[in-house]
Amino acid sequence: MTEAAERATALTEAVVDAHHHVWDLAVRDQEWITGPAMAPIRRGFSLADLAPHARAHGVTATVLVQTVTVPGETPELLALAAESDLVAGVVGWADLTRPGVADALAELRELPGGRHLVGIRHQVQGDPDPEWLLRADTRRGLAAVADAGLVYDLVVRPDQLLLCAEAAARLPQVTFVLDHLGKPPVASGALEPWASSLRVLASLPNTACKLSGLVTEADWATWTVAELRPCADTALAAFGPGRLMFGSDWPVCGLAASYGQVVDAARVLTEELSDAERAQVFAGTARRVYGLPDRTRAAGGLSSPGPAGPPGPRV
């Protein structure tokens, strides 16, 4: 790494990983993991698999995020959180178009680990209805999410960002968190119209964004931090550190990078920020937006980074 990268990765703040997954293919298939390119992640991934990576890179708390739109997954994630010293919040799934969605959210809160429910997400990027976010029944469900004190995560394509902005404008009481910067075209480098649409969304005060998922939008084999920087800089300028939060997108990130490379890349991408601003990106924003406990020491003594771990990012 360059001297700048070494300085950037030398931080000792406790990190919140605001976006990761787990799954067990023996319990439930992940139908989106198909084809030879996805073979590296077509297996089970558990919290036990994540723990050593978190420990090595100073992560003291995480947000565990849903992957499939079935009712059974969220109770399982909540149960995992109930037994975990690492998972501080769960973003689950519920059918927001159901008339009884408020009751469904309340029922999730009563389950083992229900106190860890911090948000809801739907796979808008793959929903067959292009207007799903703006439907009357969806808007009613989103209002119920806000009434329950929860956040709504947006997983969308770049061409859906303006729909997200319209939904956020219609529902100012809902906090919308954009996952993966809205999947910018890192590989091509053609930032428009993604960048302009992102700025429209960021202009709304009830929105935040995750600095996550960039390595898998780049060329998986040849990406560099320099290629990620224009997208990260655009998001930082649009949202500011107080509405931007780090997420690893583990284990999906493994298609292109190790956990340590993703953490280190994010640190390099934020190296020009002040210490206080970087603390927001790596912990403060996630704690505030999701209402997470200020966990400065977790089980296993995770209050500071451990060994250096895998090689750093390609700069």
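# A first look around glycine 182 and its neighbours

Leaving aside its neighbours within four places in sequence, glycine 182 is in contact (heavy atoms within 4.5 Å) with Val156, Arg157, Pro158, Leu161 and Trp194. This is a predicted model, where local features need pLDDT of at least 70 and side-chain atom pairs count only at pLDDT 80 or more, while totals for chains, interfaces and linings use all residues. Residues are numbered from 1 along each chain as its sequence is written, and side-chain values use heavy atoms, with hydrogens and water left out.

**The chain overall**

- You'll find 10 helices and 8 strands in the chain; these are DSSP runs numbered from the N terminus, with helices (H or I) of at least four residues and strands (E) of at least two.
- Of the chain's 315 residues, 57% are buried (under 20% relative accessible area, with exposed over 50% and partly exposed in between, using a 1.4 Å probe and protein chains only).
- Take the contacts between residues at least 6 apart in sequence: 82% of them join residues at least 24 apart.

**The loop between strand 6 and helix 7**

- Glycine 182 sits in this loop, between strand 6 and helix 7, and counts as buried because its relative accessibility is 0%.
- Its C-alpha atom is 5.8 Å from that of valine 156, although the two residues are 26 apart along the chain.
- Lysine 183 belongs to the loop between strand 6 and helix 7 too, and at 22% relative accessible area it is partly exposed.
- Lysine 183 also has a positive phi, near 55°, and is a residue other than glycine.
- As background, most residues other than glycine have a negative phi, and most peptide bonds are trans.

**The loop between strand 8 and helix 9**

- Aspartate 249 lies in the loop between strand 8 and helix 9; it is buried, with 5% relative accessible area.
- Here's another positive phi in a residue other than glycine: that of aspartate 249 is near 60°.
- Tryptophan 250 and proline 251 are joined by a cis peptide bond, with omega about 0°.
- Proline 251 is placed in the loop between strand 8 (244-246) and helix 9 (259-269).

**Valine 124 and helix 5**

- Valine 124 is in the loop between strand 4 (117-122) and helix 5 (136-147), and its relative accessible area of 5% makes it buried.
- Not counting residues up to four places away in sequence, valine 124 touches Trp132, Leu133, Tyr152, Val155, Val156 and Gln160.
- Aspartate 153 is 29 residues from valine 124 along the chain, and their C-alpha atoms are 9.9 Å apart.
- Thr138, Gly141, Leu142, Ala143, Ala144, Val145 and Ala146 are buried in helix 5.
- Helix 4 (101-110), strand 4, strand 5 (151-154) and strand 6 (176-178) are among what covers those buried residues.
- After helix 5 comes glycine 149, with a positive phi near 75°.

- Helix 6 (residues 161-170) packs against helix 7 (residues 194-202) at about 10°, with axes 8 Å apart (axes are lines fitted to C-alpha atoms, for helices over the stretch in contact, and angles run from 0 to 180 degrees between N-to-C directions).
- On the helix 6 side, Leu161, Leu162, Cys164, Ala165 and Ala168 meet Trp194, Ser197, Leu198, Val200 and Leu201 of helix 7.
- Helix 7 and helix 8 (residues 225-239) have axes that come within 9 Å and cross at roughly 25°, so these helices are roughly parallel too.
- Trp194, Ala195, Leu198, Arg199, Leu201 and Ala202 of helix 7 make this contact with Cys231, Thr234, Ala235, Ala238 and Phe239 of helix 8.
- Threonine 234, in helix 8, is buried at 13% relative accessibility.
- Leaving out residues up to four places away in sequence, threonine 234 touches Leu191, Trp194, Ala195, Leu198 and Arg199.

Note on methods: Angles under 35 degrees count as roughly parallel, over 145 as roughly antiparallel, 65 to 115 as roughly perpendicular and the rest as oblique.
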